[in-house]
Amino acid sequence: MPYFKPIKRISTESDLEQWKHCETYKYIVSAIETLASSVEGKELGSPTNIIPAAQTLLDILERVSEIVDKHPVIQDKDSSRFGKVEFRDFYDDIEANSEKLLAPLTTNKEQSLIELSTYFNNSWGDRTRIDYGSGHELNFLAFLLCLLKLEVFTLDDSQTIVLKIFSKYLKVMRKIQKLYWLEPAGSHGVWGLDDYHFLPFLFGAAQLSPMTRSRPSSIHNKDIVDMYKDKYFYYQCIDFINQVKTGPGSGSLRWHSPMLDDISGVRKWSKVSEGMLKMYKAEVLGKLPIVQHFYFGSILKAPENLSDPAEQADNEHGHHHTWGDCCGIAIPSAFAAKEMQQHTKTIPFD
């Protein structure tokens with residue numbers, strides 16, 4: 001099939017059921033399982049075979065970081081606790097240049113850029129709402145899976161994809177989230193694993209699955225988190241949460257991240273790893289408010305017998321709404337809340 005600009009196709013519960021049984025869904029789940037299993041017992045710094053295409057993609061992600069630097073926040077003293085409008089300048093820059101950025105990856109397959117760039121552009125957040133969530137993270141995963149389908153990478157490169165490429169993407173994304181105060185997409189709040197990400201927990205649990213010298217409950221121990229934060233995604237995410245979330249002392253996870261606190265009660269990392277995959281299928285791939293934003297093209301094909309795309313939109317930005325999910329209610333980022341707290345003067349009691 002010829003390449004074409006991917007479009008959204010899922011809009012109803014019936015579409016969702018078709019999606020859960022289609023080849024693209026199965027491919028995504030299978031690829032996640034392969035990527036996760038490839039890093040079992042591996043550290044972030046473990047050596048991998050970085051093929052030229054992988055180095056090219058790492059250089060592209062570094063270029064994205066440089067584009068962020070071109071668009072600093074001017075209104076840093078703005079009293080708003082919501083996203084910074086300079087994010088839109090960054091996003092527009094990426095969108096205008098993404099095909100040129102990605103071109104070195106597509107030798108002899110330049111026509112695929114129209115599909116690759118769609119997933120790549122949507123990996124950085126929502127331009128209008130200035131937010132980011134697991135759906136945007138899913139776009140980056142879809143971008144990587146397209147590269148696998150195009151044979152830019154093979155599954156033999158799985159360790160490099162997770163430990164080097166996804167790790168670099170996460171680093172750039174944290175920079176973007178922090179600088180532009182991206183709001184968490186949707187309204188899950190403290191009931192999510194993280195305001196923004198899911199896959200680092202899934203891959204991180206896989207890394208730790210053979211480990212017996214520390215248990216999931218160790219995420220409450222700051223010394224252990226400090227020891228492992230540069231080695232494992234999971235501890236890195238806990239360290240990130242501890243830095244940006246407010247809460248008293250070592251028990252703060254119990255207040256602002258109750259789901260992570262509940263998971264920490266599981267005795268073995270291998271069980272956490274199994275649970276993360278089940279949760280990802282249920283809470284990301286299985287949720288209409290997320291997958292109604294997923295794009296389908298000729299590389300990642302839409303299920304058959306979906307509703308008519310022309311009849312999908314119920315509003316100006318082209319999807320249905322579910323209360324408390326999707327666009328939901330705007331939520332200030334944790335970065336914004338912390339920054340505002342630091343600049344708030346307290347009035348002592350007389």
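**The big picture**

First things first: the model is predicted. The protein has 15 helices and four strands. Of its 350 residues, 53% are buried. If you take the contacts with a separation of 6 or more, 78% of them are between residues 24 or more positions apart.

**A covered helix**

The buried ones are L113, E115, L116, S117, T118, Y119, F120 and N121. And what covers them? The cover includes helices α3, α4 (86-102) and α6 (134-149), along with strand β4 (295-296).

**Two helices side by side**

Next, find helix α8 (residues 199-208) and helix α13 (residues 269-283). In general, two packed helices are described by the angle between their axes and the distance between the axes. For α8 and α13, the angle is about 150 degrees and the axes are 8 Å apart. Angles over 145 degrees count as roughly antiparallel, so that is how α8 and α13 run relative to each other. The crossing of α8 past α13 is left-handed.

If you'd like to see who meets whom, look on the α8 side for L199, F201, L202, A205, A206 and L208. Facing them from α13 are W269, V272, S273, M276, L277 and Y280.

**Salt bridges**

Side chains of opposite charge can pair when their charged atoms come close. This structure holds twelve salt bridges, and three of them are set out here.

| Pair | N to O distance | Accessibility of each residue |
|---|---|---|
| K168 and E62 | 2.5 Å | K168 18%, E62 31% |
| R63 and E66 | 3.4 Å | R63 33%, E66 37% |
| D226 and K222 | 2.9 Å | D226 29%, K222 58% |

Take the pair of K168 and E62, whose closest N and O atoms are 2.5 Å apart. K168 sits in helix α7 (residues 158-180) and E62 in helix α3 (residues 52-69), so this bridge ties together parts that are 106 residues apart in sequence. K168 counts as buried, whereas E62 is partly exposed.

The other two pairs are each within one helix. R63 and E66 are three residues apart in helix α3, which puts about one helical turn between them. Both R63 and E66 are partly exposed. D226 and K222 lie four residues apart in helix α9 (residues 222-228), again about one turn of the helix. Here D226 is partly exposed, while K222 is exposed.

A disulfide is a covalent bond between the sulfur atoms of two cysteines. How many disulfides does the count give? It comes to zero, going by the rule that the sulfur atoms must lie within 2.5 Å. Two of the cysteines to look up are C146 and C237. C146 is buried, with a relative accessible area of 0%, and C237 is buried as well, at 1%.

Methods. Residues are numbered from 1 along each chain as its sequence is written. This is a predicted model: local features need pLDDT of at least 70, side-chain atom pairs count only at pLDDT 80 or more; totals for chains, interfaces and linings use all residues. Side-chain values use heavy atoms; hydrogens and water are left out. Buried means under 20% relative accessible area, exposed over 50%, partly exposed in between (1.4 Å probe, protein chains only). A salt bridge is a side-chain nitrogen of Lys or Arg within 4 Å of a carboxyl oxygen of Asp or Glu. Axes are lines fitted to C-alpha atoms, for helices over the stretch in contact, and angles run from 0 to 180 degrees between N-to-C directions. Angles under 35 degrees count as roughly parallel, over 145 as roughly antiparallel, 65 to 115 as roughly perpendicular and the rest as oblique. A crossing is left-handed if the near helix is turned anticlockwise from the far one by less than a right angle, and right-handed if clockwise. Contact means heavy atoms within 4.5 Å.
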